[in-house]
Amino acid sequence: MIKPLFQKIVVAVNGSDQSLHAAMYAILLAKQYKCSLKAVYVVDTAALKFLSMSKFFLKTESQKNLLDDGKKYLEQIVTFAKIKGVKVETELRKGSPWSEILHAADDFDADLILLGGKEHSASSLSSEVARDRASSTNMDIIGSARCNVLVVRQKDIEKLFKIG
């Protein structure tokens with residue numbers, strides 16, 4: 001018997017609409033293929049350090065706010081998963097987002113990492129820019145992951161999530 005293509009999925013969550021759409025997609029995949037699912041939010045400590053050095057934020061105050069945001073987004077993913085009858089493990093990490101996502105995937109022994117990607121309409125892109133544009137974090141994950149990576153751009157994921 002052939003081993004399933006994926007059994008353990010990690011989805012990166014950062015609070016953006018794209019990452020929440022990736023989480024919805026991951027939940028639907030986990031439900032349909034009976035996979036284990038883990039959602040990971042990373043507090044970017046380098047950005048936090050930069051902001052605190054620029055006196056834009058107080059370090060302790062802003063770190064607490066970012067941790068609270070992470071918990072809130074992960075709780076939202078748990079709520080989405082419960083709606084679909086899917087169990088999801090969550091993890092809040094601190095560090096470099098791309099590195100921590102990769103470590104979380106390795107620790108979970110993931111077969112697949114899901115990332116949110118910006119939706120592009122063909123009419124709004126010139127031929128020179130028509131190639132895939134992903135954030136530098138996504139590019140670092142794609143280039144360094146030990147497992148497959150899927151960038152989710154499903155335009156109608158919210159509708160599919162409601163009916164799926």
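I take a residue as buried when its relative accessible area is under 20%. Glutamate 100 has 16%, so I log it as buried. The model I am reading is predicted.

**Entry 1: the chain as a whole**

I began with the fold. I find 6 helices and 5 strands. Read from the N terminus, they follow the order β-α-β-α-α-β-α-β-α-β-α. The chain has 164 residues, and 41% of them count as buried. I looked up the surface next. Then I checked contact range. Taking contacts between residues at least 6 apart in sequence, I see that 79% join residues at least 24 apart.

**Entry 2: lysine 38 and its partners**

I searched for charged pairs. The structure holds 8 salt bridges. I went to lysine 38 in strand β2, residues 36-44. Is this lysine buried or exposed? Its relative accessible area is 5%, so I record lysine 38 as buried.

Two glutamates pair with it. Glutamate 89 forms a salt bridge with lysine 38, and the closest N and O atoms are 3.5 Å apart. Glutamate 89 sits in strand β3, residues 88-95, so this bridge ties β3 to β2 across 51 residues of sequence. Glutamate 89 has 40% relative accessibility and is therefore partly exposed.

I note 21% relative accessible area for glutamate 91, which puts it in the partly exposed class.

**Entry 3: arginine 93**

I moved along β3 to arginine 93. What does aspartate 107 form with arginine 93? I find a salt bridge, with the closest N and O atoms 2.7 Å apart. Aspartate 107 lies in helix α4, residues 97-108, and arginine 93 in β3, so this bridge ties together parts 14 residues apart in sequence. The two ends differ in cover. Aspartate 107 is exposed, at 59% relative accessible area. Arginine 93 counts as buried, at 12% relative accessibility.

I returned to glutamate 100. This residue lies in helix α4. Its side chain makes a polar contact with the side chain of arginine 93, at 2.7 Å. I then listed its contacts, leaving aside neighbours within four places in sequence. Glutamate 100 touches Val42, Arg93, Lys94 and Gly95.

Which residues are linked in a network of salt bridges? I write down Lys38, Glu89, Glu91, Arg93, Glu100 and Asp107. Buried glutamate 100 and exposed aspartate 107 are both members.

**Entry 4: α4 against α5**

Last, I looked at how α4 packs. Two packed helices are described by the angle between their axes and the distance between the axes. For α4 and helix α5, residues 136-144, I note an angle of about 40° and axes 8 Å apart. The crossing of α4 and α5 is right-handed.

Which residues meet where these helices pack? On the α4 side I list Pro97, Trp98, Ile101 and Leu102. On the α5 side they meet Thr137, Asp140, Ile141 and Ser144.

Terms used: Residues numbered from 1 in each chain as written. Predicted model: local features only at pLDDT ≥ 70, side-chain atom pairs only at ≥ 80, totals over all residues. Heavy atoms only, no water. Helix = DSSP H or I, 4+ residues; strand = E, 2+ residues; numbered from the N terminus. Buried < 20%, exposed > 50% of the residue type's maximum accessible area, 1.4 Å probe, protein only. Contact = heavy atoms within 4.5 Å. Salt bridge = Lys/Arg side-chain N within 4 Å of Asp/Glu carboxyl O. Polar contact = N/O pair within 3.5 Å; in protein donor to acceptor, adjacent residues only side chain to side chain. Axes fitted to C-alpha atoms, helices over the stretch in contact; angles between N-to-C directions. Left-handed = near helix turned anticlockwise from the far one by under 90°.
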